[in-house]
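Colleague: Please walk me through this fold, one piece at a time.

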Amino acid sequence: VIGSVNPVAGPHHNFTGAEPVGVVTLIGCEKFNLKNLVAMISAIIASGNTLVVLMPQEGAAILAPLAEVFMTSDLPKGVINLLSGDTQELYKVIGSHMEAQSICYLGTETKVLTELKSLATASMKRVVWNTKESWGLEPVLSFVEYKTVWHPIGY
């Protein structure tokens, strides 16, 4: 749906395709919103990424049944990892973690968002923040990278 064959003047084909970013960390908002959480989890794993979810302690009661749903689903082990804890303490660790390629912040605190952006610069992480609910293709596109390949013709 989001790949393309690009027109080129010359003896080449040019293809652009989407690839997953890699490991995405999702930091939940202060007010627990199951609908928004499920929408973002769906967008992140639909694009082929691995996910680490950090939810506030208030959302821990929902994470246990949600973890059981993911465990009994057809997803490979380790694709979705659910954590609960003090997000004010743990977002700095997630923001500076070198193995994560992207951060999705669902909260509304601009101080946290600014600090996440600053921490993400060391490892060139993509920071996505979305406070609106979106069920279309747009959230999926936030967690892919585009790769362009040139292929010669007739050689």
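**Helix, then sheet**

Modeller: Helix α1 has 13 residues and reaches 18 Å from its first C-alpha to its last. That is close to the 18 Å expected at 1.5 Å a residue, where the expected span is 1.5 Å times one less than the number of residues. Helices (H or I, at least four residues) and strands (E, at least two) are DSSP runs, numbered from the N terminus. The model is predicted: local features need pLDDT of at least 70, side-chain atom pairs count only at pLDDT 80 or more, and totals for chains, interfaces and linings use all residues. Residues are numbered from 1 along each chain as its sequence is written, and side-chain values use heavy atoms, with hydrogens and water left out.

Colleague: Which residue just after α1 takes a positive phi?

Modeller: Look just past the end of α1. Phi there is about 95 degrees, and the residue is Gly 48.

Colleague: In what order do the five strands of the open sheet stand?

Modeller: The pairing is parallel; two strands pair if DSSP finds at least two bridges between them. β5 (80-85) and β7 (126-129) each have a single partner strand, so they stand at the edges. The order is β5-β4-β3-β6-β7.

Colleague: What is the bridge partner of Ser 102 in β7?

Modeller: Strand β6 (residues 102-105) pairs with β7 over four bridges, in the parallel sense. In β7, the partner of Ser 102 is Arg 126.

Colleague: Which strands does α1 touch as it packs on the sheet?

Modeller: Contact means heavy atoms within 4.5 Å. Helix α1 covers residues 34-46. The strands it touches are β3, β4, β5 and β6.

Terms used
Axes fitted to C-alpha atoms, helices over the stretch in contact; angles between N-to-C directions.
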